[in-house]
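Open the model in your viewer and keep the selection tool at hand. The stops below say what to select next and what is there.

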Amino acid sequence: MFGRKGNKAGRQHPAGGEALRLVKVTKSYGEADSAVTALDGVTLSLPAGTFTAVMGPSGSGKSTLLQCAAGLDRPDNGIVMVDGTEMTGGTEAELTKFRRGRIGFVFQQYNLLPTLNVLQNTVLPLKLAGRRVNRAHAREVLQRVGLGDRVSHRPDQLSGGQRQRVAIARALVTEPSVVFADEPTGALDTRSAREVLRLLQEAVRVHGRTVVMVTHDPVAASYADSVLFLADGRLAGRMDRPTADAVAERMAHLGDEYATDTTTPAYATPAGV
Amino acid sequence: MFSLALHSIRKRPGRFAATLLAAFLGATIIMTFNSMHDTAGAAGVDKVSSESLSTAAAVVGGYGSLLVFFAIASTLTVNVRQRESEMDLLRSAGATPAQLKRMVVVEAAVVALLGAALAIVPAMLAGNALLDLFKDSGQVKDSVDHSFGPIALSSGIDITLLAAVGAAFLAVRRATKAHDKKPQRTRLRTISGYAALGLGVAMCLTTFAMGKDAGPEAMAPPAYGAIMLSVGFAVFSPRLLAAIVGKSGDLSLTAANLRHRTAQLSGVLMPLILFVGITTATLYMQAVENDHIKQSGIAKTIDDKQLETLNFVVVGIIAAFACVMLINTLYATTTYRGQEFGQQRLAGATPGQVLRTVGLESLILAATGIFFGTIAAIAGIVPFALARTDSMPEQGPGIWLAVAGTAVAATLVTSVATAHRRLRTPAVEAVALAA
C-alpha cells in the first residue's frame, strides 16, 4: 500500500523538492453570460517543506484556489501537480484516491465525524485508504498536538481549539505531501488560534511537511514563511518573512495596485490605515 | 404566521409530500370503511348485511385512525426536525415558540384538509370495491347499494384533521423542548416499552386460557399480543443494537454510527418491526386457520370468510402505512446526513465507500427489525396454532421470506438511493450547507 505509484519518493521532503505546482489554472462558475471568473490563469510553485499563506479580499478566488489545488474541485483549464504527479480530473472516486495519498485537510469548521472519538477520527483517513493503521503512531501525533489524554473523547466533548487540533492530527497522520488549511483559525479565540498556527508551523519546521493556508487574518498569515496575495482571481504579489502589520498594509492597498508589484514593500505603517 | 404557513406550503410543496401522502392514504382508508356505516344505515338493508358492514367499519375504522395518527406524526416529526435551521432563523427574527407552533399546526391542517379532499373520490371507488368483496363472500346481500354519506365524509375529514393537528402539536413541542426534557422522555419511553412487552406477553398467554379446540376468535388476543410485543421491541431494539455493536469492539464507521445514532435508528426500527411483526403474525395465523378448516373438511362460514377478508385488508393497510413511514423516515434521516457524508468524503472516502457504509448500516438495521418482528410474530402464532389445532404450526417459510424480503428491499433501496442523490452535491458544499 505504501509503494503506490507517484508516492515512492517517500514522505519526507528535503527542502528543495516541489510539493505543489499550478500551471495556468482557470476556473469560472455559472453559465456563459453570467459567468464569474474565480481563477484567471494562476501559475505558482511551492517547494516542499514550506509554509505558505494565501490572502486576498473576499471574492478574490482564494477558496477556489485551495479547492482546485487540493482536488476538491476541478479546474476548467490548467495543470495541478502534487508531489510531482499530475492530478487528472476523472471520477470523484479517482480524485479521492489521488487526494488521500497526498493531501491532508484542515477546515474552519473542523469537519470531524461526530460519531467517532478522537483516535478514530484521527486514523479514519488511513482506514478509508485501506492502509495499515499504526495506533502507536496516531497516539504519538495526538500527543504532539497536546491531546494525548483525550483520545477517547468525542468531538462534542472538546473545545473548538481542541477539535481543530484533532483535525491537524488527522491531516498529519497520513504523512501527506501537502496540508491544505482553509481559514483554520476562523472560528477560534486568539489563544486557540495561536496554538493551532504554532502546530502548523511545527509541522513544517520540525517534520518537514508542506502547508498551504488560506486566511483573511494578517496575524495568522504572519506565521507563514511567505504570503501569496490574490485579487480578482490572479496572483497579486508575494511577501517573504511576513509580519502582521506589513500584511495588513499590503491588503489595504491590494484593490488599487495589484499585479504591479511583486517585491516586499517597506512596512513602516501600522495596521488599519 | 398563518400567511407564512401558506407561503411555505406553496413555495416548498416537496417537503410536505410525505405528510400529504400519509393524510391521503389515511383519509381514504377511514372514509372507505366508514362508508360501510353509511351503507349499513341506508333504508332497506337487512340485518345480517348491516351487521357485517358495521363490524368491519368499527374494527378497521378504530385502529385505522390510530395508524393515521402515527403515520402523520412520523412524517411531521421528520419535517420539523429537517427545518431546525429555518425555525432557528424565525426564532432569531423574533418569532415566539407559540407562533412557531401555530405555523406548523396551520401547515399540517392545510395539508391534512388537502389530503382528505383528494381522498374523497378514491374512497368512493374503494368503498364500492370493498362492498363487492363482502357481496362476493356472501356476507352482504347483493341487493345492497353502496352509499357514501355524511358519516364517511365527516369522519374522514375530522379524524385526518385531528390527527394532523395533534401530531403537529406534538412534533413541534418535541422540537422546541428537545434539550431540557430528555431524561424524563427516555424514562417515559422505557416505562411504556416495558408496559407494551408485558401486555403483549399477557395477551399471547391468554390464548392458552381459551382452552383446546378454541374457535377462530382465538386469533384476537395473540394478534394484539404480537402488535404489543412489536411496539415494545421497537422501544428497546435501538439500545440493544447499540449495546451489541458496542460489545463487539468493532471500530468501523458503521459500528460507530449504529452506536451513537440511537434516536434516529428507533425512528426506522419502529415501522420496520411493526411491519414484520404484524404482517407475519396475521398472515401465518390466517394460514393456520385456513389449513385447519380445510383439514376438518367443513365449508367456511360467513364469519370465517369475514375474518379472512378483514385480516387481509388489515395486513394490506398496515403494510402500506408501515412502508410509507419506513421510507419517509429513512429518506429524511439519510437526507439529513448530507453533511456527515461530506465529512467522510473530505476525510478520504470515495462515493462508493460512503454508499457501502450506508448499505451495510441499512442491512444491519433490516436484520435487527426482522429479528425482533419475527420473535413478536412467533409469540402470537404459536399460541394460536396450539389453541386452535393442538399442534405447532406447520406452514412453510414462504410468507416469512416474502415479508422479510420486502423489509430488506425497502430499507436498502431507500437509504442507498437517497444517499446516492446526496452524493451529487460536491463534498465541500455538502459540509458547508448545514455548518
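Start where the two chains meet: the contact takes 20 residues from chain A and 22 residues from chain B. Two residues are in contact here if their C-beta atoms, placed from the backbone, lie within 7 Å. On the side of chain A that touches chain B, the elements giving two or more residues are α2 (92-102) and α3 of chain A. The largest share of that side, 6 residues, comes from α2(A). By class, the side of chain A that touches chain B divides into 9 nonpolar, 6 polar and 5 charged residues. Ala, Val, Leu, Ile, Met, Phe, Trp, Tyr, Cys and Pro count as nonpolar, Asp, Glu, Lys and Arg as charged, and the others, Gly among them, as polar.

This is a predicted model: local features need pLDDT of at least 70, side-chain atom pairs count only at pLDDT 80 or more, and totals for chains, interfaces and linings use all residues. Residues are numbered from 1 along each chain as its sequence is written, while chains are lettered from A and ligands numbered from 1 in the order in which they are written.

**Chain A as a whole**

Chain A has 8 helices and 10 strands; helices (H or I, at least four residues) and strands (E, at least two) are DSSP runs, numbered from the N terminus. Of its 273 residues, 48% count as buried. A residue is buried if 20 or more other C-beta atoms lie within 10 Å of its own, exposed if 12 or fewer, and partly exposed in between, with C-beta atoms placed from the backbone. Among contacts in chain A between residues at least 6 apart in sequence, 68% join residues at least 24 apart.

**The sheet of 6 strands**

Next, select the strands β6, β7, β8, β3, β9 and β10 of chain A, which form an open sheet in that order, with mixed pairing. Two strands pair if DSSP finds at least two bridges between them. At the edges are β6 (103-107) and β10 (234-240) of chain A, each pairing on one side only. From one strand to the next, the twist averages 20 degrees. Axes are lines fitted to C-alpha atoms, for helices over the stretch in contact, and angles run from 0 to 180 degrees between N-to-C directions.

Zoom in on β9 (residues 226-231) of chain A: 5 bridges join it to β10(A), and the two run antiparallel. Here Leu230(A) stands opposite Leu235(A) in β10(A).

Which order do the 4 strands of the antiparallel open sheet in chain A take? The order is β2-β1-β4-β5. β2 (36-47) and β5 (85-86) of chain A stand at the edges with a single partner strand each, so one side of each has no neighbour in the sheet.

Select β4 (residues 77-82) of chain A, which 2 bridges join to β5(A) in an antiparallel arrangement. Met81(A) stands opposite Glu86(A) in β5(A). In the loop between β4 and β5 of chain A, pick Asp83(A). Its phi is near 55 degrees, a positive value in a residue other than glycine. Asp83(A) counts as buried because it has 22 C-beta neighbours inside 10 Å.

**Helix α4 of chain A**

Select residues 135-144 of chain A, where Ala138(A), Val141(A) and Leu142(A) are buried. These residues are on the same side of α4(A) because they cover an arc of only 100 degrees around the axis, the arc being that of the directions from the helix axis to the C-beta atoms. The buried residues of α4(A) pack against α3 (118-128) and α5 (160-173) of chain A. Just after α4(A), Gly146(A) takes a positive phi of about 80 degrees.

**Chain B**

Colour chain B by its two domains, domain 1 (1-180) and domain 2 (181-435); the bounds come from an automatic or database domain assignment. The C-alpha centres of the two domains of chain B lie 23 Å apart. Their contact takes 22 residues from domain 1 of chain B and 18 residues from domain 2 of chain B. On the domain 1 side, the elements that give two or more residues are α2 (17-41) and α3 (47-82) of chain B. The largest share of that side, 11 residues, comes from α3(B).

Last, select Asp390(B), in the loop between α13 (351-389) and α14 (398-422) of chain B. Is Asp390(B) buried or exposed? Asp390(B) is exposed, with 11 other C-beta atoms within 10 Å. The phi of Asp390(B) is near 65 degrees, a positive value in a residue other than glycine.
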